[in-house]
Amino acid sequence: MGSRRDDEEQAAAVPLLAAAYPTPSGLRRSHAGDVHLLSAAFLFVFSAYLPTQNLQSTLNTEGNLGAVSMGILYASFTVFTATAAAVVRWLGSRGALVVGTSGYALFILANLLPTWYTMVPASVYLGFTSSLMWVGQGTYLTSAAFSHATENKLHLGQVLGRFNGEFWGMFASTQVIGNLISLVVLGNDKDGGGANKKNLLFTVFLGCMVIGIVLMCLLSRRDKNRGESDGHEPQGRSFLPDTSGSAVTPLADPRMLLLAPLLAYYGLQKAFVWAVFTKSVVTPVLGVAGVGGAMAVYGAAGVVSSLVAGRLTSGLRSSTFIVSTGAVLQAGVLLWLLFLYSPMDGLLGSAAPLVVGAVWGVGDGILNTQLSALIGLLFENDKEAAFALGKMWQAAATAAVFFLSPGATLQGMLAALAAALVVAVAAFLFLSLVIERSHALKF
């Protein structure tokens with residue numbers, strides 16, 4: 001038994017020996033090589049976008065332009081996920097990834113001249129393109145994991161865990177890199193520096209975006225699973241009936257209904273960091289310039305937890321334990337902020353937002369890795385529609401926070417988030433119990 005496990009780990013550790021896809025340049029790249037390239041492309045794109053998003057509620061404050069723009073963005077995202085699966089099938093997952101980056105570039109351009117006439121259209125367009133990019137990302141990575149597991153005779157759950165761990169670890173590092181760039185460019189001014197510094201920051205971010213777009217274009221085409229064409233199955237694959245592929249089909253699946261509260265909570269806790277934590281916890285103590293540093297700590301914690309969670313994932317039982325651990329950590333933060341926290345001066349007061357960001361980042365990294373792996377395992381036969389629906393739940397919850405946060409108190413937001421966490425974990429634990437008992441999946 002131990003020898004077999006060692007062989008599997010060695011095969012996964014040397015992924016570049018696996019069969020490869022042709023690339024646009026005619027070269028051949030392994031399935032894991034495509035995941036490396038996909039992760040690097042997202043690293044550049046979101047090192048530019050995420051710090052831009054983090055600053056919306058503190059830089060674009062006139063008429064709550066920043067918060068309202070983010071609400072519009074995620075509302076648009078929610079609406080367009082209904083058609084994203086069909087569009088991704090038409091464009092192909094690589095085409096969807098390339099088209100998706102254009103919205104992020106336009107949004108950063110709009111921040112060079114932030115008015116209602118630039119930010120609102122850019123937010124609507126980004127909602128459309130980001131729905132394509134995220135459905136394309138989930139589809140592309142799951143397809144690569146399936147093919148890699150098939151050709152190397154590995155457990156699908158393990159490969160999904162490792163590939164998602166790498167991707168989300170790289171993704172979480174964008175909070176570190178992007179926010180450190182923000183911190184350096186904006187300096188230590190509490191108001192975030194003048195217009196020249198802000199314009200320089202967004203110009204640097206546009207340069208990062210261009211590199212990310214180029215890397216997306218270099219990805220291999222991956223519209224069919226190689227493993228399916230030769231009749232082989234990876235170990236641990238879920239045996240699911242064929243579905244029509246529309247976003248409505250997984251919505252009727254009891255597994256998606258039980259997973260939905262956790263997907264919605266994931267969107268809530270993300271938006272809490274972007275819209276509430278930065279404005280109500282970090283800025284009063286560290287100022288606008290301190291947002292970059294606090295979010296860098298948050299991102300660094302997410303990098304570590306994503307990589308560790310990915311390596312530890314082997315199936316449903318491990319995912320249940322890992323998700324529960326992340327939920328306990330975030331629940332502890334919520335209770336502390338709700339009942340014990342008050343802004344303080346001095347070193348201790350300055351450290352509090354950083355500690356909160358770090359612990360919250362660990363929970364976020366865990367949810368990133370586990371939710372993507374779970375969707376890939378549970379809905380492998382209809383992954384485009386399942387990822388689209390998952391993103392719809394997340395985006396709807398995120399939009400709600402951005403729309404409500406300008407008029408809500410910190411205590412109210414914390415209480416709502418705590419209640420959502422309880423419901424989400426209870427539904428997820430029930431889902432795990434049902435699947436274990438029914439043996440619907442062979443992990």
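Close-up 1. Tyr-49 counts as buried at 3% relative accessibility, where buried means under 20% relative accessible area, exposed over 50% and partly exposed in between, with a 1.4 Å probe and protein chains only. The model is predicted, so that local features need pLDDT of at least 70 and side-chain atom pairs count only at pLDDT 80 or more, while totals for chains, interfaces and linings use all residues. Residues are numbered from 1 along each chain as its sequence is written, and side-chain values use heavy atoms, with hydrogens and water left out. Leaving aside residues up to four places away in sequence, Tyr-49 touches Met-70, Leu-73, Tyr-74, Tyr-104, Phe-107, Ile-108 and Leu-126, a contact being heavy atoms within 4.5 Å.

**Close-up 2. The edge-to-face pair of Phe-46 and Tyr-49.** The two rings lie 5.9 Å apart centre to centre, with 90° between the planes; rings of Phe, Tyr and Trp (its six-membered ring) pair if their centres lie within 6.5 Å, and planes under 30 degrees apart count as stacked, over 60 as edge-to-face and the rest as tilted. Phe-46 and Tyr-49 are three residues apart in helix 2 (residues 31–54), and therefore about one helical turn separates them; helices (H or I, at least four residues) are DSSP runs numbered from the N terminus. Phe-46 is buried, with a relative accessible area of 2%.

**Close-up 3. The stacked pair of Trp-134 and Trp-168.** Here the ring centres are 5.6 Å apart and the angle between the planes is 0°. The pair links distant parts of the chain, 34 residues apart, with Trp-134 in helix 6 (residues 116–152) and Trp-168 in helix 7 (residues 156–186). Trp-134 is buried at 8% relative accessibility, and Trp-168 is buried at 2%. Both tryptophans belong to one aromatic cluster, which also includes Phe-42, Phe-46, Tyr-49, Tyr-104, Phe-107, Phe-167 and Phe-171.

**Close-up 4. The largest nonpolar core.** This core, a set of buried Ala, Val, Leu, Ile, Met, Phe, Trp, Tyr and Cys residues joined through side-chain atoms within 4.5 Å, has 114 residues, and those with the most contacts inside it are Phe-42, Phe-46, Tyr-49 and Phe-272. Its largest share, 18 residues, comes from helix 11 (residues 254–286). A second, separate core of eight residues includes Ala-84, Ala-96, Leu-132 and Ala-385.

**Close-up 5. Trp-336 in helix 13 (residues 316–339).** Trp-336 is partly exposed, with a relative accessible area of 31%.

Note on methods
Helices (H or I, at least four residues) and strands (E, at least two) are DSSP runs, numbered from the N terminus.
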